[in-house]
Amino acid sequence: MADSDHEYSEQGSDDDIPTRNGTGRAGAPRGRAMASRPKGRAQAKWEAAASSNWELHEGADGSIEGVLGGLEEAGKRKRLLKDTTPLQRGIIRHTLLILDLSIAMIEKDLRPTRHLLTINYTVGFIREFFEQNPISQLGILGMRDGIAIRVSDMSGNPNDHINAVKALRGMDPKGSPSLQNALEMARAALYHTPSHGTREVVIVLGALLTSDPGDIHDTIKSCIKDRIRVSIIGLAAQMHICAEICRKTNAGDENSYNVAVDEVDYRELLMSITTPPVVRSTDTEAQRRNQAALLMMGFPSRIVEEKPTLCACHGNLTRGGYLCSRCKAKVCNLPATCPTCDLTLILSTHLARSYHHLFPLRNWVEVSWARARQKGSTQCYGCLAPFPHVPAAEERSEHNGTRAKRAEGASESSRYECETCQNHFCIDCDVFSHEVVHNCPGCQSSAHLPGAEEEANGVEGESDAMAT
Amino acid sequence: MNIVDATDRTEKLDEGEAPSLLTIILDTNPHAWALLTESLSLSKAVANLLVFINAHIAINHANRIAVIASHAERAEWLFPALARSQKDSHANGVHGDGEDMEMQDGEAADSDGPSLPRDDANKYRPFAYIEHVLLSNLRRLMESTTADALSSTPATMIAGALTLALTYISKQTQALPSATTSAQFNYSDATAVAGGNEMSGDGAKSQASMGLSSRILILSVSGDLASQYIPIMNSIFACQRLTIPIDILKLAGDTVFLQQAADATGGIYMALDNNSRAGFLQYLMFAYLADQAARDHLIMPGEGEGVDFRAACFCHRRIVDIGFVCSICLSIFCEPLQDNLCLTCGSHLSMGNYGQKPVVVPKRKKKKRRALADGGADTPASDRGTPAP
Ligand SMILES: [Zn+2]
Ligand SMILES: [Zn+2]
Ligand SMILES: [Zn+2]
Ligand SMILES: [Zn+2]
Ligand SMILES: [Zn+2]
Ligand SMILES: [Zn+2]
């Protein structure tokens with residue numbers, strides 16, 4: 001079993017970040033066909049890896065350095081290039097994470113063991129989940145010894161979950177998992193969640209079996225009825241029932257079932273779930289019925305008090321807190337629901353944290369030597385790091401070799417251009433701007449954006465005019 | 001020389017004190033400074049700021065400094081200087097007229113950094129170097145500002161300056177292993193992903209003694225920033241993830257967002273009025289000179305004060321304390337929408353039971369009854385025993 005874990009992950013589970021993030025549109029047209037098995041089988045990832053040689057060719061001067069540098073940059077960029085079309089995303093999420101705690105998790109094919117690695121990754125997952133989804137709720141279940149166990153209840157406090165998950169280190173995996181029991185428990189836990197949020201179940205499955213007390217297809221049907229979406233990360237090999245669960249609960253879209261080939265892949269798969277899911281078209285119909293709502297929320301200000309007073313939420317004596325914007329009851333932490341008047345109290349910063357999903361930064365493009373020469377960029381606009389020197393025009397033919405040498409996806413001139421402000425950036429700033437800060441340093445730094453103006457006027461080659 | 005040259009990455013530390021990178025964002029909005037000439041002119045403020053910068057450099061020989069101007073229609077580096085090439089018309093004069101300023105100003109344009117100041121035996125060379133670069137860049141910035149540009153954009157580019165500061169800090173931090181990089185950030189850092197199965201998050205804080213710790217100081221004079229709400233918020237979150245405190249010294253104007261920035265990142269917020277503005281240098285030295293490590297042992301100003309957490313509505317840029325939030329895109333509106341269509345994402349929104357009772361969840365009575373009827377019976381299967389395989 002340990003040897004088979006590379007086998008069944010379909011191609012695209014790793015290389016294809018856009019597909020995974022943009023599942024909504026890819027899956028929508030197939031809505032009716034959800035129950036039928038997909039025809040044929042794509043080339044598995046390990047097959048692709050085995051058939052592609054290391055396409056490393058030494059440069060003319062016999063150096064391999066440029067090739068490797070290119071590979072590294074290409075890798076960084078691959079992670080970045082995602083679909084930047086603004087999509088409706090479910091930002092108020094209710095997610096249940098189901099961990100496999102069965103005997104299969106003792107396997108050491110993922111170091112140190114699947115069990116310990118899962119716990120470590122889960123702690124990171126919890127932090128990242130609340131970072132990305134500050135007003136969402138998470139709960140954690142386990143599958144152990146044939147039954148589903150509750151690890152932590154639905155809550156919006158990351159520390160509750162982290163402590164509960166860390167406590168699992170002392171609990172040895174045992175017995176076999178039951179997908180049906182776990183799904184039923186998840187369904188019960190998600191039953192009371194408000195309809196304007198998403199309902200998601202994420203299963204980490206190490207075993208290659210599920211031992212269920214009844215017919216799991218009934219459970220799948222109830223999950224569809226309850227609008228629960230299931231995504232599964234396999235640690236061993238692909239299982240038909242998992243694919244079926246994911247396909248049926250995601251409107252025919254199978255991208256939510258992935259098998260991790262190694263530790264890095266596992267981590268990426270888990271972390272990709274922290275991105276808010278795209279709202280499907282079927283959901284939009286449902287929204288028209290009863291989901292999307294205009295929620296009234298309070299943005300309370302923090303107060304400081306001389307003397308301690310009772311808080312309305314716990315009845316503890318505290319100094320300071322937040323006053324409900326409507327009824328002036330004092331609560332100690334945000335986000336919260338006012339215990340007196342039921343108003344949702346939140347920090348505006350909690351809401352704003354999700355805006356980059358709604359207004360994503362456009363991908364930057366690779367810069368050719370010719371373009372670099374035209375713009376005359378010598379250093380990164382963001383971090384001031386110097387760029388490699390632009391070769392003179394007559395050297396160009398010689399440097400065509402360089403172009404071929406760089407790995408695909410990396411820019412031949414090590415520059416990346418934002419098309420809106422037409423500034424050039426290094427790969428580090430490219431990654432940083434898209435992954436962390438979600439702003440373009442150039443666009444935010446100038447009130448006059450050549451790219452935007454160009455688009456508006458339809459003027460061609462204005463950058464030539466500018467460069468002179 | 002190496003000490004102040006922030007691009008030097010090879011320098012090794014040999015003593016316990018961790019170096020810190022102070023990035024100062026100077027709001028040079030001419031409109032706002034014009035109003036302040038009575039109590040504190042820009043030139044006086046810059047002179048005071050230089051004293052403060054020198055103090056920062058003097059504390060630790062490895063300390064670094066970066067200064068960015070958040071000007072009326074662009075944000076620009078004051079220190080370290082841009083390497084300028086003859087073709088790079090970009091940093092200067094993006095708009096058609098009034099460019100070419102830098103071409104005439106030949107002395108500061110050298111790809112190897114600006115020309116050096118005259119050697120003055122009475123001045124510590126790093127101090128002189130910073131002063132020269134900063135002043136010549138600031139002068140060029142002011143000279144290149146046209147009246148046209150000023151009248152068209154009365155705001156200041158704080159969001160851009162913050163983003164520039166962050167990219168710079170991120171690069172500097174990568175060059176030197178950081179004390180401030182938290183585990184949360186490591187995930188998105190491509191190099192950390194390959195690290196595999198480290199105990200994420202647990203031990204990250206303990207090794208904080210070495211490495212570069214960064215902070216940002218914003219000297220703000222402008223008021224309304226609501227138009228840059230989203231990019232500013234994005235920058236604040238980036239600072240939160242990287243645990244970079246944003247200190248704010250407000251010389252004039254009022255904006256709730258900068259106070260939120262300081263609060264969210266653990267920085268210091270102070271606002272000066274007409275009387276206290278004269279003590280600008282003193283405030284800088286006493287409140288803002290201490291780095292994060294020292295701040296643990298000090299009682300910092302601004303602690304134990306309430307913070308205004310109100311938000312700006314998307315429809316009128318009004319500041320609100322109760323708002324209406326679209327459940328799809330989380331846009332904030334100050335009043336119920338007219339035709340129930342979200343102005344940002346266009347979703348059709350039901351109003352819940354607004355006006356009847358204070359509940360934020362729309363009705364779903366019907367649904368509940370149906371779910372109970374056909375789904376309720378077999379729900380509790382979770383604790384049913386499972387036959388052994
Ligand atoms: Zn309380
Ligand atoms: Zn209340
Ligand atoms: Zn850069
Ligand atoms: Zn840009
Ligand atoms: Zn409004
Ligand atoms: Zn909306």
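Guide: A crossing is left-handed if the near helix is turned anticlockwise from the far one by less than a right angle, and right-handed if clockwise. Helices here are DSSP runs of H or I with at least four residues, strands are E runs with at least two, and both are numbered from the N terminus. One caution before we look: this is a predicted model, where local features need pLDDT of at least 70 and side-chain atom pairs count only at pLDDT 80 or more, while totals for chains, interfaces and linings use all residues. Residues are numbered from 1 along each chain as its sequence is written, chains are lettered from A and ligands numbered from 1 in the order written, and side-chain values use heavy atoms, with hydrogens and water left out.

Visitor: In which hand does H6(B) pass H9(B)?

Guide: The crossing of H6(B) over H9(B) is left-handed.

Visitor: At roughly what angle do the axes of H6(B) and H9(B) cross?

Guide: Two packed helices are described by the angle between their axes and the distance between the axes. Axes are lines fitted to C-alpha atoms, for helices over the stretch in contact, with angles from 0 to 180 degrees between N-to-C directions. H6(B), residues 158-175, and H9(B), residues 229-242, cross at roughly 25°, and their axes come within 9 Å. So H6(B) and H9(B) are roughly parallel (under 35 degrees; over 145 is roughly antiparallel, 65 to 115 roughly perpendicular, the rest oblique). In the contact (heavy atoms within 4.5 Å), H6(B) supplies Ile158(B), Ala159(B), Leu162(B), Thr163(B) and Leu166(B), and the H9(B) residues include Pro231(B), Ile232(B) and Cys239(B).

Visitor: Which residues make the contact between H9(B) and H10(B)?

Guide: Start with the geometry: H9(B) packs against H10(B), residues 256-265, at about 15°, with the axes 9 Å apart. That makes H9(B) and H10(B) roughly parallel as well. Here the crossing is right-handed. On the H9(B) side you'll find Tyr229(B), Met233(B), Ile236(B), Cys239(B) and Gln240(B), facing H10(B) residues such as Phe257(B), Gln260(B) and Ala261(B).

Visitor: Is Cys421(A) buried or exposed?

Guide: Buried means under 20% relative accessible area, exposed over 50%, partly exposed in between (1.4 Å probe, protein chains only). Cys421(A) counts as buried because its value is 1%, and Cys440(A) is buried too, at 1%.

Visitor: What about Ala251(A), with its positive phi: where is that residue found?

Guide: Ala251(A) isn't a glycine, yet its phi is about 55°. Look in the loop between H9 and S6 of chain A; at 14%, Ala251(A) is buried.
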